[in-house]
Amino acid sequence: MADDAASFARLRLVRSPRIGPVTYRQLVARFGSAEAALDALPLLAQRGGGQAPALVDPGAVRREIAMTQRLGARYLFLDDVDYPPLLAELENAPPALIVMGDGALLARPCIAMVGARNASAAACRFARQLAQGLAGAGVTVVSGLARGIDTAAHQGSIAGDHGGGTVGVIASGIDIVFPPENRELQARVAAEGLLVAEQPPGAEPLARHFPSRNRIIAGLALGTVVVEAAPRSGSLITARIANEAGREVMAVPGSPLDPRAQGCNLLIREGATLVQGVDDILEMIRPIDPRAVRAPVSGYGAKPPAEPDDADRRRIEQLLGPVPVPVDELIRQAALPGAAVQLVLLELELAGRLERHAGGRVSLR
């Protein structure tokens with residue numbers, strides 16, 4: 001529940017400007033709690049050469065909590081015991097999720113299924129059959145409630161009396177339906193499966209929210225199956241995130257004459273597992289022993305601080321510029337402890353002077 005003091009502070013930290021998933025994780029890991037992190041923000045930003053970010057109004061947080069409860073939804077925070085451990089493995093795992101439905105579905109083996117919105121009828125039928133077969137084998141199917149393949153995946157895994165189920169991850173608030181034609185399906189997913197949102201209630205599905213949603217889809221699953229996708233599509237972004245996280249990437253081959261199959265064929269050429277049926281997917285996830293899946297490492301106990309001095313800060317700032325550079329490279333060239341470099345980067349980010357990029361890279365604004 002998000003009505004106690006600790007959870008209220010966590011949500012306030014999550015919703016405040018300049019506090020992204022990576023920053024949130026570092027702040028709570030360093031100071032031991034969201035309350036302590038909130039108190040430390042002004043000093044950190046001052047050291048970074050700027051003003052502390054304006055914290056979100058407490059009244060807005062209370063209204064969000066009240067709205068979430070009225071909708072029958074609940075919060076999952078990164079350090080909760082029932083937060084999905086595979087998702088917690090991502091460096092940029094969402095600090096807070098809003099969920100509605102059966103949370104037990106996340107404790108089962110999960111497979112993500114994504115693909116083209118303008119998918120062919122044959123591909124939709126095949127995706128629906130795959131999803132139904134996976135659900136019958138006790139596997140939870142995760143998708144994004146979009147048109148085309150996503151819709152077929154949810155329909156297949158939610159239909160009938162089987163041991164699996166479906167999880168729908170949306171790019172909007174949990175009370176917003178997109179696309180509108182999936183209103184009934186989204187309601188069924190919330191009632192019979194699990195609906196997941198990172199954005200607060202009332203948030204519209206903006207373009208920048210979809211890549212964030214894709215990382216959740218990939219992060220929840222042991223592997224991602226792509227069924228029809230253009231070479232430059234959100235489905236391939238999801239596959240790339242899965243690959244970077246060390247998860248299985250699988251693809252259904254298609255005709256080289258169909259542009260919608262080019263993305264899948266490209267994935268297979270680059271090493272993705274070719275999928276012709278449910279058994280191909282089950283074979284990829286069966287060898288994974290649940291004991292080999294690491295529990296989320298919270299690290300929220302206060303650690304001995306590595307305090308850089310002014311000379312260290314100047315050295316790190318001199319190494320930064322407008323071109324994104326990997327944090328590991330900064331640590332190597334600065335010849336400083338990683339914790340010290342991370343603290344300086346955190347200070348610069350809270351001061352509004354640092355921007356984080358994909359792949360663990362940073363640059364000055």
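The lining of the largest cavity in this predicted model divides into 9 nonpolar, 2 polar and 3 charged residues. That cavity holds about 90 Å³ of space, and of its 14 lining residues, the closest to the centre are Gly144, Phe178, Pro179, Phe210 and Arg213. Two of these residues, Phe178 and Phe210, also form an aromatic pair, and the peptide bond from Phe178 to Pro179 is cis. The points below treat the cavity, the aromatic rings, the salt bridges and the backbone in turn.

**The largest cavity and the residues around it**

- The structure holds 2 cavities of 30 Å³ or more.
- Phe178 and Phe210, both among the lining residues closest to the centre of the largest cavity, have ring centres 6.2 Å apart. Their planes stand at 65°, and an angle over 60 degrees counts as edge-to-face, so this pair is classed as edge-to-face.
- Phe178 is partly exposed, because its relative accessible area is 36%. Phe210 is buried, because its relative accessible area is 17% and the limit for a buried residue is under 20%.
- Pro179 lies in the loop between S5 and H8, and the peptide bond that joins Phe178 to Pro179 is cis, with omega near 0°.

- A search of the whole structure finds 2 aromatic pairs. In one of them, the rings of Tyr75 and Phe77 have centres 5.8 Å apart and planes at 15°, so this pair is stacked.
- Tyr75 counts as buried because its relative accessibility is 8%.
- Phe77 also counts as buried, because its relative accessibility is 1%.

**Salt bridges around Arg313**

- In the whole structure, a search finds 15 salt bridges.
- Arg313 takes part in a salt bridge with Asp310, with an N to O distance of 3.9 Å. Both residues lie in helix H13 (residues 310–319), where they are 3 residues apart, about one turn of the helix.
- The two partners differ in how accessible they are. Arg313 counts as buried because its relative accessibility is 10%, whereas Asp310 counts as exposed because its relative accessibility is 53%.
- Arg313 also forms a salt bridge with Glu347, and here the closest N and O atoms are 2.9 Å apart. This pair links distant parts of the chain: Glu347 is in helix H15 (residues 338–350) and Arg313 is in helix H13, 34 residues away.
- Glu347 is buried, because its relative accessible area is 1%.

- The side chains of Arg332 and Glu329 meet in a salt bridge, with 2.6 Å from N to O.
- Why are Arg332 and Glu329 separated by about one helical turn? The reason is that the two residues are 3 residues apart in helix H14 (residues 327–334).
- Arg332 is exposed, because its relative accessible area is 57%. Glu329 is partly exposed, because its relative accessible area is 25%.
- Elsewhere, salt bridges that share partners join Arg47, Asp310, Arg313 and Glu347 into one network.

**Backbone features**

- Most residues other than glycine have a negative phi, and most peptide bonds are trans.
- Arg18 has a positive phi, near 70°, and is not a glycine. Arg18 is found in the loop between helix H1 (5–15) and helix H2 (21–31), and counts as partly exposed because its relative accessibility is 36%.
- Ala335 likewise has a positive phi, of about 55°, although it is not a glycine. Ala335 is placed in the loop between H14 and H15, and is exposed because its relative accessible area is 64%.

Technical notes
Residues numbered from 1 in each chain as written. Predicted model: local features only at pLDDT ≥ 70, side-chain atom pairs only at ≥ 80, totals over all residues. Heavy atoms only, no water. Salt bridge = Lys/Arg side-chain N within 4 Å of Asp/Glu carboxyl O. Helix = DSSP H or I, 4+ residues; strand = E, 2+ residues; numbered from the N terminus. Buried < 20%, exposed > 50% of the residue type's maximum accessible area, 1.4 Å probe, protein only. Phe/Tyr/Trp six-rings, centres within 6.5 Å; stacked < 30°, edge-to-face > 60°. 1 Å grid on protein atoms, 1.4 Å probe; cavity = no way out; pocket = protein on both sides within 12 Å on 5 of 7 lines; lining within 4 Å. Points joined across faces, edges and corners; volume = space filled by probe spheres on them. Nonpolar A, V, L, I, M, F, W, Y, C, P; charged D, E, K, R; others polar.
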